[in-house]
Amino acid sequence: MVGRSLRQIVWARLRRDRLAMVCLFVLIAYYLIGIFGPILGPSLGLDPYAFDRDSISNQGGRPVLPNGGISGEHPLGVEWGTGRDLLSQLLWGLRISLVVATTATLLTVTIGVVIGIVAGYAGGWVDLLIGRFMDLVLAFPFILIVLALSNVLTDRIIAFGVPPGTPSRIVYLILVISVFGWPYLARIVRGQVISLREREFVEAAVAMGSSRRRILFTEILPNLWAPIIVYTTLLLPAYVGFEAALSFLGVGVIPPDTTFGAMLANSVNYFVQVPIYLFIPGTILAILVVSFNLLGDALRDALDPRVTR
Amino acid sequence: MAGYVVRRVLGMVLLLFLLTLTVFVLFSLMPADPARLTCGKACSPAIIENNRHRLELDIPPIEQYQRFVAGIFVGRTYLKDTARPLECEAPCLGYSFLRNQEVLAMITKAAPVTFWLAIGGFVTWMVIGLVFGVVAALKRGRWQDRTVMGIALVGYSLPSFFIGLVLFFFVVLIWHLLPIPQWTSGMPFANPGKFFQTMLLPWITIATLNAAFYMRLTRNQVLEVFGEDYVRTARAKGLPERIVVVKHALRAGLTPIVTAAGLDLAYLLGGAIITENIFNLPGLGSLAIGSVLASDLPLITGITLVAAALIIVANLVVDLLYAVVDPRVRVG
């Protein structure tokens, strides 16, 4: 028997799961496209902001060619009324969606883990105080509060020097999603820490006179990776969908920038005449979220010592 | 038990108090200038100043908060020093000068729509989620299990607004199976047929996401209970499989699911924002979106307060129910 680290075990298990590997490649592709699409796009003639008046009719702005104006020049068609290229819009929008979801996930996990560890290890009145605070934050319905605070807080963010328009909206989404999203993870982490706190290796560290910071983040934190990873895999797809939902409701990025949700919201006006406005962004979004969830499931199984195959 | 209930109720009261404070700070102190938000782009300084006074934003924050809380318990009067003071009786959640209506009146008008939407969606998803979850657990590893879990995965991966839009597109616009959803006052009792036609798709939209989630939850929960010693004991003493499944495994396994569902229902009652938006239902969610787009702060404040209070109360009810129903939970 050769000793293997948790990472090696998990990776070996994951690699045997064919569906999970497909999803992993799909996700890597999404991220690569999200990162490099807007960088390389312009050299391929892609521009989400350029109006193409020739591709739409003068009366009403309907795309001239059938199926939303799909052609060699515009592989996924053009936007009703402006003739803007939909493929470009999807590429640029994908980047915004991924930036919001990924950053918000990292921030949520960081806040949740730190507060969870502190609450669980400190116990006593600190734990009680944090617990009540979490109850309070959890009482706010997520979508409603993000919606409700959008005008109020975006102004504040702009006052802090973030450019108005899309950048301030992105910062707002990331901040507010994280600030109202961390308590779920913090609860899980707190529970784990409470049981870890009593273990011998922590006692040993205390006896050796380790600083509290060292005990919390060098001794205890490494034992929490499994639940943290599992929760992260739940958060990412949830936040992708969440960003889409918020953009759909009109509190996400503002035109001319767009994301999946905003494109779907726009499609509502035209989808009787041009159904692909609904189905192309919807399908691309769905594939992204399904891949995240499938990979997350596989990762959860791989991390769970009770699952045998 | 009595001590536990008292402690929990006191905790809830404290939480509700903190809630009013938080909501007040978020919506009255956070905006750069609340009065500026009361009128559109063409807004003169005089109008803003006037609104600042009408909304009582020209008094110290502490006093504003006092009036805000006092309004909830004993009511309050706006525009005291004018010829036509505005009486807002308790419980007063504020007054929307933008729409010239009391916030509570608008909320109570929208609440029935959300109520019926939430209840119908809840029943649909619980039935689907529990039935298919139990089937999957009983047929673990077989094709039934894999089919149900596959559907569940897709179900909770699709954003609910996409599901709603696709349903709307095919069922209403392409196949003409249902008329365009339209809520009319007096529903559901005045016009039950039209009510069901209007609500069917919204219910399915809400149910899809949650049913998928509950299928997985139910399956895992039931499987876990099947591993418990008392289930093995029941089998060992020769009880028929049907009795083991229904009386021993399901009862203990489903209790936490049913109680957890209470919380999800409370979330929905605070406004199913996306579903109401897609199907144009004039419920709390639509009211919330409207208030945000119009920057109607008193209305936003009121809706947030009501929705959050619902969740806090539901949390308590669920915890207490849990303690009563599940014999394994001990409180002291």
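1. Let's start where the two chains meet. In this predicted model, the contact draws 37 residues from chain A and 36 residues from chain B. On the chain A side, four helices each supply at least two residues: α5 (124-139), α6 (142-159), α10 (225-249) and α12 (276-303). The biggest share comes from α6(A), which gives 13 residues to the side that touches chain B. If you sort that side of chain A by class, you get 29 nonpolar, five polar and three charged residues.

2. Helix α1 of chain B covers residues 2-29, a run of 28 residues. From its first C-alpha to its last, α1(B) reaches 40 Å, close to the 40 Å expected at 1.5 Å a residue. Within α1(B), the buried residues are L19(B), V23(B), F27(B) and S28(B).

3. Further along, helix α11 of chain B (residues 284-293) is mostly covered, with eight of its ten residues buried. Among them are L284(B), G285(B), L287(B), I289(B) and V292(B). Keep an eye on S295(B) too: just after α11(B), this residue takes a positive phi of about 55 degrees.

4. Finally, step back and view chain B as two domains, with domain 1 at 20-92 and domain 2 at 106-325. Their centres, taken over C-alpha atoms, are separated by 37 Å. Where the two domains of chain B touch, domain 1 brings six residues and domain 2 brings six residues. On the domain 1 side of this contact, five residues are nonpolar, one is polar and none is charged.

Technical notes. Residues numbered from 1 in each chain as written. Chains lettered and ligands numbered in written order. Predicted model: local features only at pLDDT ≥ 70, side-chain atom pairs only at ≥ 80, totals over all residues. Expected span 1.5 Å × (residues − 1). Buried ≥ 20, exposed ≤ 12 C-beta atoms within 10 Å, placed from the backbone. Contact = placed C-beta atoms within 7 Å. Nonpolar A, V, L, I, M, F, W, Y, C, P; charged D, E, K, R; others polar. Domains from an automatic or database assignment.
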